[in-house]
Amino acid sequence: MDEFEIRQKTAAGRTFMHMAKENDPDYKTDQYSGVTQPPLFKDPVSENIIKLPTDFAGLDIRNDFLGVINGRASHRVYREENISLTELSFILWCAQGVKDLRGKRYATLRTVPCGGARHEFELYLCIQHVEGLANGFYHYLPQNHSLECLKEQEDVKEFIGTSLSGQTWANKAGVVFYFDMVAYRAEWRYGIHAHRIALVDAGYISQNIYLACTALGIGGCAIGAIQEDCSNEVFGLDGDEEFIFLAHPIGKIAAEDHQKELDFYAFVHDYDL
Ligand SMILES: Cc1cc2nc3c(=O)[nH]c(=O)nc-3n(C[C@H](O)[C@H](O)[C@H](O)COP(=O)(O)O)c2cc1C
């Protein structure tokens with residue numbers, strides 16, 4: 001990419017962030033034009049459905065709110081130890097759990113806020129260390145708090161490393177969440193503004209994953225540097241109507257690894273930044 005192209009793309013990115021300035025009074029989104037809304041969820045494609053436990057009473061959940069807020073941090077050093085199914089269930093509930101419906105089928109109300117309550121994301125998972133689950137690729141079904149298993153695969157390390165652009169530290173993750181944007185779900189309501197809103201919406205999901213993990217003593221890290229094509233392919237997404245654009249590995253952590261965590265940013269000291 002040459003200098004000119006870089007400048008053009010940077011300018012296009014800024015224009016995108018200014019979409020709120022686009023105030024054409026004649027512009028109508030599909031919702032306002034009376035087009036029927038798309039489904040609130042994707043239906044399962046597999047018959048291998050795992051109902052997730054919903055009794056969180058047995059979990060050791062930190063309940064000092066300020067401690068959880070202050071304790072949140074990105075972790076990149078994981079122990080290859082199992083996350084329990086109840087822990088995973090709790091994290092998924094915090095990330096995307098459906099608490100109620102607005103109207104009969106207008107919208108879902110979830111544990112995270114979302115522009116227009118469109119909830120345009122589906123969470124896909126690559127599972128490597130979860131008690132009772134085979135390694136492989138899964139899809140979260142928020143409509144009944146379940147997982148569907150799409151494909152079992154014992155060794156997922158290579159996929160994790162490649163899909164996260166060579167960030168091989170994530171190879172030891174227990175689970176990697178992949179955020180799938182179902183574009184029309186947001187576009188139906190927000191049209192040309194949908195994509196900017198969706199970027200904001202994704203942040204709430206990721207933050208709830210961070211906070212749920214912090215409360216359980218599990219580590220994790222949002223990942224923007226993903227490889228879209230291989231991620232879309234493994235989860236069967238067409239890459240246009242739906243595509244992966246954010247990931248979030250999580251894994252068991254240990255106090256003894258604190259120095260290794262700090263070493264990720266050793267360059268700050270090396271270069272006196
Ligand atoms: C949208 C987003 C994308 C990120 N992408 C990456 C990434 O690709 N690789 C990485 O190591 N960290 C990534 N991070 C983590 C940030 O580097 C981290 O949040 C930041 O250094 C501050 O550290 P803290 O989270 O411990 O407060 C990302 C964070 C966010 C919110």
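## A predicted chain of helices and strands

Phenylalanine 90 has its place in helix 3 (residues 85-96). Helices (H or I, at least four residues) and strands (E, at least two) are DSSP runs, numbered from the N terminus. This is a predicted model: local features need pLDDT of at least 70, side-chain atom pairs count only at pLDDT 80 or more, and totals for chains, interfaces and linings use all residues. Residues are numbered from 1 along each chain as its sequence is written.

Phenylalanine 90 is buried, because 24 other C-beta atoms lie within 10 Å. A residue counts as buried if 20 or more other C-beta atoms, placed from the backbone, lie within 10 Å of its own; 12 or fewer make it exposed, and values in between partly exposed. Leaving aside residues up to four places away in sequence, phenylalanine 90 touches Phe56, Leu59, Ala212 and Leu216. Touching means contact: C-beta atoms, placed from the backbone, within 7 Å. Histidine 139 is 49 residues from phenylalanine 90 along the chain, and their C-alpha atoms are separated by 15 Å.

Two strands pair if DSSP finds at least two bridges between them. Strand 5 (residues 136-141) and strand 6 (residues 146-152) pair over 6 bridges in the antiparallel sense. Phenylalanine 137 stands opposite lysine 151 in strand 6.

The ligand is surrounded by residues including Arg76, Gln167 and Cys221.

The whole chain has 9 helices and 9 strands. Its radius of gyration, taken over C-alpha atoms, is 20 Å, close to the 19 Å that the globule rule (2.2 Å times the number of residues to the power 0.38) gives for 273 residues, so the chain is as compact as a globular protein of that length.

| Chain property | Value |
|---|---|
| C-alpha trace along principal axes | about 60 × 50 × 40 Å |
| Buried residues | 35% of the 273 residues |
| Residues 24 or more positions apart | 73% of the contacts with a separation of 6 or more |

Note on methods: Two residues are in contact if their C-beta atoms, placed from the backbone, lie within 7 Å. A residue is near a molecule or strand if its C-beta atom, placed from the backbone, lies within 6 Å of it.
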